[in-house]
Amino acid sequence: MDILLSGGDGRTLAALLEEAGQPLDLRCGGHGSCNRCRVQLLSGIFRSGAETFEVHDVPVWARACETRLISERGMISVPEAARAVRRGRVLADWEGKAYAKRPETVVAVDIGTTTIAGAKIRNGEVVGRASTFNRQSRFGDNVIARIDHASGSAGNLEALRRAVLESVGEVLVSLQAGDVERIAVAGNTVMCSLFHGIDPTPIGVMPFEPLVRKFPVVSAAAAGLLLGADALVWTVPAISGLVGGDLTAGLAEVELQPGEMLVDIGTNCEMVFRTDEALYCTAAAAGPAFEGAGIACGSRAVPGAMDRYFGGGRYSVLGGGEAKGLCGSAMVDFLAVERRNGRLNEFGRFQPAASSVEPAPGVGLTEGDVEQLLKAKAAVFAGIQTLSAHCGMKVSRIHLAGGFARYLSLENAVAIGMLPDCEFHVVGNTSLAGALRLAVEPERLPELELLSDKPVDVPLNVLDGFEDNFIDALLLP
């Protein structure tokens, strides 16, 4: 798509496109490391680094986050792959207990680092669901990038708050929630802090303690949401800086038994384990590889993304048609299938040697891509193994929460050494389910606050064996 930009004030092309309502995929936070924002310069005067150049007849490829428009006008072409994703497969379903039948109409929102899901309920029945992607992604695709950006200035913190409010607002509009009486939100501690405009910087440094774990009840107007004049906003309390209210909500929904673990696999893989005596929690930095970041043909779960891979040129694509990339579930399939077929050795190297392998025409994975995926799966496995070893108890059952787990082949996840071989229960979006229960019954907040105090937070960096477990898990069984 060709776009005529006006500027001349030296702003980046990414900033000009954002202003023009054409936001780009800036997963690295605009630091020039992900190559997602590459556009074609068609005409105009531009500057990249110390170099200023004029484009006439021959198009030039450039990163929009690093290139600035110097002339008053410039023409560029933005490929579809460079655009920020607004729609895709976001989980707004769950398993759980029935809701109390109350006449008020209320809504709940799960604020994830990548995705945001919402639901509306009346008389105990869910009457609407909606979802979108978190617009904060233009500041980076993980919580550390968001923390770094927020720490830069009060203006940066406000920009992050506005971005998440815009995303939540989009979900509320889809739910036709203008007249609801209450809204409850849940999410990881960084996301909830940013939603409330609270500086998350302390969460990014030892000892990873947030300024606030138990968030105040505020009016919708004070929160910046366009709801009824008397509507209030409730927030599920967080457990720690790295284990958020999404896990508190999940704990309230799942009710773990001794030997059971609740695991939410995302960029920050959060987990809670119950022993005979207590609850223990931790978080493993799985990173955004399974969401497509850092992977040449990686993709979020959007139309055109391959969501399953069976080998031998057989695969399925979200929305049908040709595959344009692979989302996380297909990446797990690829590792398992090609290891089983002997195409990958235990170190993730191609057999025979090749620069890349194409699971679908025009969609290729390199050994560098495989390396990133091995790091992500190793973090998940090592986190589970290290926490259970610390507790002195083997995991008998894992309750898997979140969208990735819903569409994941558990057999393949076990085969590549991402999950241990045990019993599984896929529970869906328990963060949204728990937030919805709080919206229906706000008197439950003190109970949730007590629950959030129960897990003993055990940072993996202080546990013996995590590094060894991680290194061992880098191999493909």
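**Close-up views of a predicted protein model**

**View 1. A pair of residues links two strands.** In strand β10, A186 is the bridge partner of D110. Strands here are DSSP runs of E with at least two residues, helices are runs of H or I with at least four residues, and both are numbered from the N terminus. Two strands are said to pair if DSSP finds at least two bridges between them. This is a predicted model, in which local features need pLDDT of at least 70 and side-chain atom pairs count only at pLDDT 80 or more, while totals for chains, interfaces and linings use all residues. Residues are numbered from 1 along each chain as its sequence is written, and side-chain values use heavy atoms, with hydrogens and water left out.

**View 2. Strand β10 has a partner in β7 and another in β12.** Strand β7 (residues 105-111) runs parallel to β10, and six bridges join them. With strand β12 (residues 232-235), β10 also pairs in the parallel sense, over four bridges. Look for R182 here: its bridge partner in β12 is L232.

View 3. Six of the six residues of β10 (residues 182-187) are buried, so the strand is largely enclosed by the rest of the structure. Buried means under 20% relative accessible area, exposed means over 50%, and partly exposed lies in between (1.4 Å probe, protein chains only). In a regular strand, side chains alternate between the two faces of the sheet. On one side of β10 you will find R182, A184 and A186, and on the other I183, V185 and G187, all of them buried.

**View 4. Meet C391 and its contacts.** C391 belongs to helix α8 (residues 367-391). Its relative accessibility is 17%, so C391 counts as buried. Leaving aside residues up to four places away in sequence, C391 touches F273, T275 and Y280, where contact means heavy atoms within 4.5 Å. T275 and C391 are 116 residues apart in sequence, yet their C-alpha atoms are 7.1 Å apart in space.

**View 5. Stepping back to the whole protein.** The protein has 13 helices and 23 strands, and its C-alpha atoms fill a box of roughly 70 × 60 × 45 Å along the principal axes. Of its 477 residues, 56% count as buried. Among contacts between residues at least 6 apart in sequence, 68% join residues at least 24 apart.
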